[in-house]
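Follow the chain in the order given below, with the sequence open beside the coordinates.

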Amino acid sequence: MKPFGYVVAPDPASAVAIVTGRPGAAFLGGGTNLIDLMKLGVTAPDLLVDVTRLLPAKIERTSGGGLRIGAGVRNSDLAADPRVRAEFPALAQAVLAGASGQLRNMATVGGNLLQRTRCVYFQDVTKPCNKRAPGSGCPALAGEHRNLAILGGSPHCVAVHPSDMAVALAAVDAVVRVEGGAGRRAIPLTAFYRLPGDEPDRETVLERGDLITAVELPAPGCAAYSAYRKVRDRASYAFGVASVAAALDVAGGVVRDVRLAIGAVAPVPWRARAAERVLAGRPATAEWFGRAADAELAAAAPLPDNAFKLTLVRNIVVRVLCELAGPELAGEAS
C-alpha cells in the first residue's frame with residue numbers, strides 16, 4: 001500500500017475544502033471499501049480526510065413525514081431502526097442482505113452509496129479496465145462477465161453497481177443531500193449515478209470535494225408495503241447475481257401504485273420505469289407482473305454468459321410482486 005497522510009477535519013466545510021484543493025485527498029468514513037481498494041492498489045490517495053465523526057449519525061423525522069438519514073449512520077443501525085423497518089421494509093431487508101454483521105457495524109450510509117464495483121478486472125491492477133484506467137479497454141466483454149450488466153452497459157464497461165441499499169433507495173425515491181464547493185444541493189438518487197457511456201470512470205454526478213451528508217426518504221406511501229429479494233451464489237456474504245426492490249399498492253385487485261428497482265444487472269441501481277408504466281391501473285396478477293418485467297427487460301443486451309439473468313430477473317420480479325399483492329397470488333409465482 002502506498003504511504004498516505006491522515007487528518008481529522010474539524011467540520012464538514014473544512015473537510016470539503018481540503019479534498020477540493022488537494023487532488024490526491026479522499027474522504028474516509030467507515031473505510032470498508034476504500035481500504036480494500038487501497039490494499040489492492042486500485043486507488044492510492046496520498047491523504048485521507050476522516051469525516052467519521054463529522055457527519056450526522058441520526059435518523060430523524062422530516063417535516064413532510066419522511067425520514068432524514070445522516071450519512072454517518074452505520075448500516076446496522078439503519079436496518080435496526082423501528083421506523084425504517086415499519087415504513088420502508090425493503091430498505092431494512094436490503095441492508096441486512098449486504099455484507100456481514102461486522103462490516104455493517106462499520107459501514108456508513110454515505111460510504112455505501114459510493115462503493116465501487118466488484119468486477120474482477122477493475123480490482124486486478126494487472127489487467128486493463130476503462131473504469132480504472134480510461135482508454136485501456138474492457139476485457140470483461142470477451143472474458144469473465146457472468147455477474148455483470150445486462151442493462152445500461154456500453155462498449156466501454158459492463159460492470160454492475162454492488163450496493164443493495166442503493167437499489168432499495170432507488171425504489172422509494174430517495175434524495176441524496178450533498179455539501180461541496182458549489183454549496184449544498186439535493187440530488188434524486190435515480191439521478192445520482194451515471195451510466196458508463198464512454199466515460200465509465202465517472203460513476204456519479206458528484207464533483208471533486210462533494211461530501212454526502214444525508215439521505216432523505218419521502219413519506220412512505222406504498223413503500224410501507226415493500227420487499228427486497230436478493231439472489232446470490234451462496235447464502236451469506238456474497239454480492240448479488242440479481243435483486244429486486246418492490247413496493248406495491250393494490251386496491252380492488254388493481255395496481256394503484258408500484259415502485260420497482262433492480263440490482264446487480266446494471267452499472268447503476270436500475271429503476272424499472274417501463275415496468276411501472278405497464279402495471280399502472282392493471283390487474284394485480286402474475287400475468288401482468290410478468291408482462292411488466294418483459295417490458296423492462298426488452299432493452300437488455302446480455303452477454304453470452306449472463307443471458308440467464310433475463311429469466312432470473314423476470315422470475316424474481318413476478319414472485320416479489322405476487323407476495324406483496326397477497327397470499328392468494330404468492331402461489332401463482334411458484
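Ala-99 is partly exposed, because its relative accessible area is 35%, and by the cut-offs used here buried means under 20% relative accessible area, exposed over 50%, and partly exposed in between (1.4 Å probe, protein chains only). Ala-99 is found in the loop between helix H5 (89-97) and helix H6 (101-106). Helices (H or I, at least four residues) and strands (E, at least two) are DSSP runs, numbered from the N terminus. Phi of Ala-99 is positive, near 60 degrees, although the residue is not a glycine. Most residues other than glycine have a negative phi.

This is a predicted model, in which local features need pLDDT of at least 70 and side-chain atom pairs count only at pLDDT 80 or more, while totals for chains, interfaces and linings use all residues. Residues are numbered from 1 along each chain as its sequence is written, and side-chain values use heavy atoms, with hydrogens and water left out.

Ala-264 also has a positive phi, about 65 degrees. Its place is in the loop between strand E11 (254-263) and strand E12 (270-271). With a relative accessible area of 11%, Ala-264 counts as buried.

Lys-230 lies in strand E9 (residues 226-231). Is Lys-230 buried or exposed? Its relative accessible area is 13%, so Lys-230 is buried. The side chain of Lys-230 has a polar contact of 3.0 Å with the side chain of Asp-164; a polar contact is a pair of N or O atoms within 3.5 Å, where within protein one must be able to donate a hydrogen and the other to accept it, and residues adjacent in sequence count only if both atoms are side-chain atoms. A polar atom of the Lys-230 side chain also lies 2.9 Å from the backbone oxygen of Ala-97. Leaving aside residues up to four places away in sequence, Lys-230 touches residues including Gly-98, Phe-239 and Ser-243, contact meaning heavy atoms within 4.5 Å.

Asp-164 leads on to helix H9 (residues 164-171), where eight of eight residues are buried. Among them are Asp-164, Met-165 and Leu-169. Ser-163 caps the N-terminal end of H9, with a side-chain oxygen 3.3 Å from the backbone nitrogen of Met-165. H9 is followed by Asp-173, whose phi is positive, near 60 degrees.

Leu-169 also belongs to the largest nonpolar core, which has 85 residues; Leu-169 is one of those with the most contacts inside it, as are Leu-113 and Phe-289. The largest share of this core, eight residues, comes from helix H13 (residues 308-325). A nonpolar core is a set of buried Ala, Val, Leu, Ile, Met, Phe, Trp, Tyr and Cys residues joined through side-chain atoms within 4.5 Å. Leu-113 touches Ala-166 and Leu-169, and its other contacts include His-161 and Tyr-193, not counting residues up to four places away in sequence. A second, separate core of 15 residues includes Leu-37, Phe-122, Cys-138 and Leu-148.

Cys-138 is also one of the residues that lie nearest the centre of the largest cavity, which is lined by 16 residues. On a 1 Å grid over the protein atoms alone, a cavity is a set of points where a 1.4 Å probe fits but cannot get out, and lining residues have an atom within 4 Å of a point.

Key
On a 1 Å grid over the protein atoms alone, a cavity is a set of points where a 1.4 Å probe fits but cannot get out, and a pocket is an open set with protein on both sides within 12 Å along at least five of seven lines; lining residues have an atom within 4 Å of a point.
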